[in-house]
Amino acid sequence: MARCPICGEALKWEELIEQMLTLENFSELLTDKGAFISAFEEFIFMCPHCKEEFYGRHLEMKEAEKVFELLNDFKGGIDYENKKVKLKLTNLLALDMMLEEWDKRVKR
Ligand SMILES: [Zn+2]
């Protein structure tokens, strides 16, 4: 689970990605994992709890990689017009991690 590196509160991945939707080229980033990860690491997020800012690289990069995969698996999960993430990324991520522990084969 993602946590704010400053106050330690749980963060929702769909909200983190919504902050990234302000990037003009976000949809392009989803076509290139390397580009997505480096943009993520350099992105300055704001914690909705303590309002402090921090770089994406302080978050769990393994989860960021999974989020990249989920956004690619579920096309249409982002409403670009309204800058909304429709996918329940936090829940999907938890489910994905659980399945992975049970059976490595579910990993794509
Ligand atoms: Zn915080």
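H4 and H5 are roughly perpendicular to each other. I started there, and I keep in mind that this is a predicted model. The angle I looked up for helix H4 (residues 61–73) against helix H5 (residues 89–102) is about 110°, and their axes are 10 Å apart.

From H4 I noted Glu63, Lys66, Val67 and Leu70, and from H5 I noted Leu89, Leu92, Leu93 and Asp96. Sorted by class, the contact of H4 with H5 has five nonpolar and three charged residues, and no polar ones.

**H1 against H5**

I then turned to helix H1 (residues 13–20), which packs against H5 at about 125°, with the axes 6 Å apart. That angle makes H1 oblique to H5. On the H1 side I found Trp13, Glu14 and Ile17, which meet Leu89, Thr90 and Leu93 in H5. By class I get four nonpolar, one polar and one charged residues for the contact of H1 with H5.

**H5 by itself**

At 1.5 Å a residue, its 14 residues should span 20 Å, and the end C-alpha atoms are 20 Å apart, which agrees.

Which residues of H5 are buried? I wrote down Leu89, Leu93 and Asp96. They sit on the same side of H5, because they cover an arc of only 65° around the axis. The cover over these buried residues includes H1, H4 and strand E4 (84–85). On the face turned away from the buried side, I found the exposed residues Asn91, Leu95, Met98, Glu101 and Trp102.

**Positive phi**

Most residues other than glycine have a negative phi. Lys51 is not a glycine, yet its phi is positive, near 65°. I located Lys51 in the loop between strand E1 (44–46) and strand E2 (53–55). Lys51 is exposed, with 9 other C-beta atoms within 10 Å; 12 or fewer count as exposed.

The other entry is Lys83, with a positive phi of about 50° although it is not a glycine. Lys83 belongs to the loop between E3 and E4. Is Lys83 exposed, partly exposed or buried? I count it as partly exposed, with 13 C-beta neighbours inside 10 Å.

Asn82 is exposed, having 9 other C-beta atoms within 10 Å. I also looked up how far Asn82 is from Cys4: the two are 78 residues apart along the chain, and their C-alpha atoms are separated by 25 Å.

My last stop was Lys88, in the loop between E4 and H5. Lys88 comes out as partly exposed, with 15 other C-beta atoms within 10 Å. From Lys88 to Phe45 I noted 43 residues along the chain and a C-alpha separation of 19 Å.

Note on methods
Residues are numbered from 1 along each chain as its sequence is written. This is a predicted model: local features need pLDDT of at least 70, side-chain atom pairs count only at pLDDT 80 or more; totals for chains, interfaces and linings use all residues. Axes are lines fitted to C-alpha atoms, for helices over the stretch in contact, and angles run from 0 to 180 degrees between N-to-C directions. Helices (H or I, at least four residues) and strands (E, at least two) are DSSP runs, numbered from the N terminus. Angles under 35 degrees count as roughly parallel, over 145 as roughly antiparallel, 65 to 115 as roughly perpendicular and the rest as oblique. Two residues are in contact if their C-beta atoms, placed from the backbone, lie within 7 Å. Ala, Val, Leu, Ile, Met, Phe, Trp, Tyr, Cys and Pro count as nonpolar, Asp, Glu, Lys and Arg as charged, and the others, Gly among them, as polar. The expected span of a helix is 1.5 Å times one less than its number of residues. A residue is buried if 20 or more other C-beta atoms lie within 10 Å of its own, exposed if 12 or fewer, and partly exposed in between; C-beta atoms are placed from the backbone. The arc is that of the directions from the helix axis to the C-beta atoms.
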